[in-house]
Amino acid sequence: MTSEHAAGTPELTGGLVGLLGLTFDEASADRVVIRWQVRPELHQPYGIQHGGVYCAVVETVGSVGGSLWLGDRGRVVGVSNQTDFLRAVRDGELVAVGTPVHRGRSQQLWQVEIVDAEQRLVARGQVRLQNLSPA
């Protein structure tokens with residue numbers, strides 16, 4: 001993983017990231033790239049990638065990028081996540097790429113596109129983050 005490490009940046013291998021099997025290819029204040037394998041444990045009952053995984057990836061991408069941008073000026077928390085599911089996926093590798101749309105004093109907005117191995121858009125979302133000052 002290529003990354004800028006800022007004070008307060010969370011561990012990027014444990015927790016939900018570890019459970020989902022997410023791998024960070026790139027993480028900076030301007031772009032975050034995550035990949036993962038679709039597998040049966042991440043399916044919904046009809047045998048396709050669960051939409052909650054897409055939502056979690058969108059939030060993770062935005063939160064990591066937003067945290068790196070904010071740095072030691074504070075922390076970020078997600079306050080809105082809007083994710084659209086566009087194509088059913090049963091297996092294979094997916095890649096999420098996130099970039100900032102807006103970075104302001106109090107909030108940030110990040111957009112995320114998720115594609116399959118054929119570069120087809122399978123989901124897209126955006127996450128709005130609140131910038132919190134240090135306590």
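Biologist: What percentage of the 135 residues in the protein chain is made up of buried residues, and how is strand 3 covered and paired?

Modeller: This is a predicted model, in which local features need pLDDT of at least 70, side-chain atom pairs count only at pLDDT 80 or more, and totals for chains, interfaces and linings use all residues. Residues are numbered from 1 along each chain as its sequence is written, and side-chain values use heavy atoms, leaving out hydrogens and water. Of the 135 residues in the protein chain, 41% are buried (under 20% relative accessible area, with a 1.4 Å probe and protein chains only). The protein chain holds two helices and seven strands (DSSP runs, of H or I over at least four residues and of E over at least two, numbered from the N terminus), arranged along the sequence as β-α-β-β-α-β-β-β-β, and its C-alpha atoms fill a box of roughly 45 × 25 × 25 Å along the principal axes.

Strand 3, which spans residues 32–38, is mostly covered, with five of its seven residues buried. Strand 2 (residues 23–27) pairs with strand 3 in the antiparallel sense over four bridges, where pairing requires that DSSP finds at least two bridges between the strands. A hairpin of four residues joins strand 2 to strand 3, and Thr-23 has Arg-35 of strand 3 as its bridge partner. Strand 3 also runs antiparallel to strand 5 (residues 92–103), to which seven bridges join it; here the bridge partner of Val-38 is Gly-92 in strand 5.

Conventions: Buried means under 20% relative accessible area, exposed over 50%, partly exposed in between (1.4 Å probe, protein chains only).
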